[in-house]
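The stops below are meant to be selected in order.

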Amino acid sequence: MSIEPLSMLGGGITGFVMRLVASQAEAQGRALDAMLQKQEAVDASAKAAANRGGTWVRRLIAICILFAVIVAPFLLSLLDVPVALEKESGGGILSFLFGTQHGYINVEGFVLLPEVRQGMLALLSFYFGSSMVKR
């Protein structure tokens, strides 16, 4: 075989490979442009959400939780405000026959609910976790 067909074959393969690489680069460029447009839309949406006052809502929730955990127990213990709690009695083995009786009892002070405690723990862990990240 002479050198001309080998040269033509090599040139054809090289041209094919180069065209394939160029088309893949072009496809990647289009995908990158699409991703950048999506990211711009996400950024615009995040800025719009941040401008709606979400920080004030979070601050209000934090202040309410801190009030319920720190301030309210001291104030209500000084004011002797009774708190009504539901009391369920009549449980046991035969409760399915006779049922349970519900009543209310008054206690003095402030009842710290488990939900408020969990909210305080979540709030503390969020603020301590976010303070570890440098801005």
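How far apart are glutamate 26 and arginine 30 in helix H1 (residues 3-50), counted in residues and in helical turns? They are four residues apart, so about one helical turn separates them. Before selecting them, note that this is a predicted model, in which local features need pLDDT of at least 70 and side-chain atom pairs count only at pLDDT 80 or more, while totals for chains, interfaces and linings use all residues. Residues are numbered from 1 along each chain as its sequence is written, and side-chain values use heavy atoms, with hydrogens and water left out.

**Stop 1: the salt bridge.** Show the side chains of glutamate 26 and arginine 30. They form a salt bridge, with 3.0 Å between the closest N and O atoms. The term stands for a side-chain nitrogen of Lys or Arg within 4 Å of a carboxyl oxygen of Asp or Glu. Side chains of opposite charge can pair when their charged atoms come close. A search of the whole structure finds one salt bridge. Glutamate 26 is partly exposed, because its relative accessibility is 48%; buried means under 20% relative accessible area, exposed over 50%, and partly exposed in between, with a 1.4 Å probe and protein chains only.

**Stop 2: the whole chain.** Zoom out and switch to a cartoon. The protein has four helices and two strands, in the order α-α-β-α-β-α along the sequence. Helices (H or I, at least four residues) and strands (E, at least two) are DSSP runs, numbered from the N terminus. Of the 135 residues, 6% count as buried.

**Stop 3: the strands.** Select strand E1 (residues 82-89) together with E2; the two pair in the antiparallel sense over eight bridges. Pairing requires that DSSP finds at least two bridges between two strands. Valine 83 has valine 107 as its bridge partner in E2. Strand E2 (residues 101-108) lies largely in the open, because zero of its eight residues are buried. Within E2, pick glycine 103, which is partly exposed at a relative accessible area of 24%.

**Stop 4: the nonpolar patch.** Select Leu66, Phe67, Ile70, Val71, Phe74, Leu75, Leu78, Leu79 and Val81, which form a nonpolar surface patch with about 850 Å² of accessible area together. Patches are made of residues with over 30% relative accessible area and no salt bridge; like charges are joined within 9 Å, nonpolar side chains (Val, Leu, Ile, Met, Phe, Trp, Tyr) within 5 Å. Accessible areas come from the Shrake-Rupley method with a 1.4 Å probe, and for residues only the protein chains shown count as cover. Isoleucine 70 belongs to helix H2 (residues 54-79) and is partly exposed at 42% relative accessibility. Leucine 75 is also in helix H2, and its relative accessibility of 41% makes it partly exposed.
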